[in-house]
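Please read the following briefing alongside the sequence and the model. It covers charged side chains, backbone angles and the relation between the copies.

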There are 2 protein chains.
Amino acid sequence: MKPAVAIVEPKTPGNIGTIARAMKNFGLDDLKLVNPPEFGRDSEAYGFAGQAREDVLPNYDEVTFDELVENYHTVGMTATTNEDASHHVRFPFTTPRELAENLETVATDTVLIFGREANGLTNEELSRIDEVCSIPASASYPALNLGQAATVTLYELRTLTVDECQLPDVERERAAESEIEGFYGAFSALLDTVGQPTEKRDKNMRMVRRLFGRAHPTGREIATLRGIVRRANERASSNARRTNRDDT
Amino acid sequence: MKPAVAIVEPKTPGNIGTIARAMKNFGLDDLKLVNPPEFGRDSEAYGFAGQAREDVLPNYDEVTFDELVENYHTVGMTATTNEDASHHVRFPFTTPRELAENLETVATDTVLIFGREANGLTNEELSRIDEVCSIPASASYPALNLGQAATVTLYELRTLTVDECQLPDVERERAAESEIEGFYGAFSALLDTVGQPTEKRDKNMRMVRRLFGRAHPTGREIATLRGIVRRANERASSNARRTNRDDT
């Protein structure tokens, strides 16, 4: 079940647009606003929403905080947690990544609640929500901008919410081991041709194997390299034969 | 070694400020701008930078793209990758999370390069950089706003760049197993007092164990609950004795 996203008393329409855009980027569509400012088609809300101006943003619901608490498993976002278990308002908390893992096995209507630009959710609001979530950041400046906090959170939830990712499946793109071995064979032959002594050749081949092992080459990369090495070997061999002829 | 962050020909000062803020949130400080617009203290660059207006933003360097290529391991960010290995400009790519893992074991000066708001980095620029990085997002709308893309990327690099995170170490906050077992003991005693039949009690205790096992309660939570259960048990016991007396 995809979570809904609620913003409590946002002041800046631009932030509403930014969050709507992040929602569309990461496959979410249900936007709830508690006491929002007025914003029209010519506002920064629409200006910052990208393609979400077509659907996520205009389809928002205006709701009350009470309605969220009554109808959802509520997750309140905060940059500032309590330090330890002696206070419960902002403790314990989950991180967005843990939240994604937890929600994966839970079938419930969940809403992520983001607070005001200046001071987030109040302690009174946080005391009424079910779960506190906080983005790990630098101790010296942990307060993300509202739109950025929402973007990071929705990014982490993408495993739950993105049906189809834009990136091709890279695992299928790695060259077959046999192709890579073929390349190593060609490379070894080249070393032979250029007259590298056997013990040095073994060392060189181990090095090459380590280098390509780390890089996980694609089939295309290995085929190209193998071709280059083979042609270099042919050229070097015929030159070597010519040199030998010249010597005789 | 903390990566530098470069923005190539940003148009909107607000985006520069947003990225500077994300840098400070995630422990980075070296901002490079290629052909930036003019922006002063009263611009949106400063308006959006939060506390980064004090250091990261005013300390930026203006550089050329050539200088980045010459002096750094360059990582180019793009929302659009090639589909397969038949094109090399945007393929293969890493994701920000993979990038963080890779950089953890590499000692080199790295720069993350973000492109223009409207169309990112050109193919010509991408062909000159060392590594391509792309944020997994929804296939139907993978293009994040520049500031949001940078925020997600820097968030993922935090394991390399954040010296001290604002969040307390929650692992130390879980209640000791002995405390939790003490609570189970008190709860079991309460079930006994309220007259739950043995076979039902075992079932109840298994359920309670599962519920609290998932929640990883803190010491404070368990101590509070154990106190409540103990008092409930005492009250129930004395009532039970009174009832017994009344019966006789």
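**Charge pairs and symmetry in a predicted model**

Arg128(A) counts as partly exposed at 32% relative accessibility, where buried means under 20% relative accessible area, exposed means over 50%, and partly exposed lies in between (1.4 Å probe, protein chains only). This is a predicted model, in which local features need pLDDT of at least 70 and side-chain atom pairs count only at pLDDT 80 or more, whereas totals for chains, interfaces and linings use all residues. Residues are numbered from 1 along each chain as its sequence is written, chains are lettered from A and ligands numbered from 1 in the order in which they are written, and side-chain values use heavy atoms, with hydrogens and water left out.

**Salt bridges**

- Over all chains the structure holds 24 salt bridges, a salt bridge being a side-chain nitrogen of Lys or Arg within 4 Å of a carboxyl oxygen of Asp or Glu.
- Arg128(A) meets Asp66(A) in one such salt bridge, at 2.9 Å from N to O; because Asp66(A) belongs to helix α3 (residues 65-71) and Arg128(A) to helix α5 (residues 123-128) of chain A, the pair ties together parts that are 62 residues apart in sequence. Helices (H or I, at least four residues) and strands (E, at least two) are DSSP runs, numbered from the N terminus.
- Asp66(A) is itself partly exposed, with a relative accessible area of 36%.
- A salt bridge of 3.0 Å, N to O, joins the side chains of Lys32(A) and Asp61(A), and this pair links distant parts of the chain, with Lys32(A) in strand β2 (residues 31-34) and Asp61(A) in strand β3 (residues 61-63) of chain A, 29 residues apart.
- Within that pair, Lys32(A) is buried, with a relative accessible area of 9%, while Asp61(A) is partly exposed, with 31%.
- In chain B, the closest N and O atoms of Asp55(B) and Lys24(B) are 2.6 Å apart in a salt bridge; the pair links distant parts of the chain, 31 residues apart, with Asp55(B) in the loop between α2 (44-47) and β3 (61-63) and Lys24(B) in helix α1 (residues 13-25) of chain B.
- Asp55(B) is partly exposed, with a relative accessible area of 26%, and Lys24(B) counts as buried at 16% relative accessibility.
- Arg97(A), Glu156(A), Arg97(B) and Glu156(B) are joined into one network by salt bridges that share partners.

**A buried arginine without a salt bridge**

- Arg158(A), in helix α7 (residues 158-161) of chain A, is buried yet has no salt bridge, the nearest side chain of opposite charge being Glu156(A), 4.1 Å away; here Lys and Arg count as positive and Asp and Glu as negative, while His and the chain ends are not counted.
- Not counting residues up to four places away in sequence, Arg158(A) touches Phe26(A), Arg97(B) and Pro136(B), contact meaning heavy atoms within 4.5 Å.

**Relation between the chains**

- Chain A is superposed on chain B by a rotation of 180° with 0.0 Å of shift along its axis, with an RMSD of 0.1 Å; copies are superposed by least squares on the C-alpha atoms of residues with pLDDT of at least 70 in both.
- That is the relation of a two-fold axis, and the same surface serves both copies, as 100% of the contact residues of chain A recur in chain B.

**Positive phi values**

- Glu9(B), although not a glycine, has a positive phi of about 50°; Glu9(B) is placed in the loop between β1 (4-8) and α1 of chain B and is partly exposed, with a relative accessible area of 30%.
- His216(B), a residue other than glycine, has a positive phi near 45°; His216(B) is found in the loop between α9 (198-215) and α10 (219-247) of chain B and is partly exposed, with a relative accessible area of 45%.
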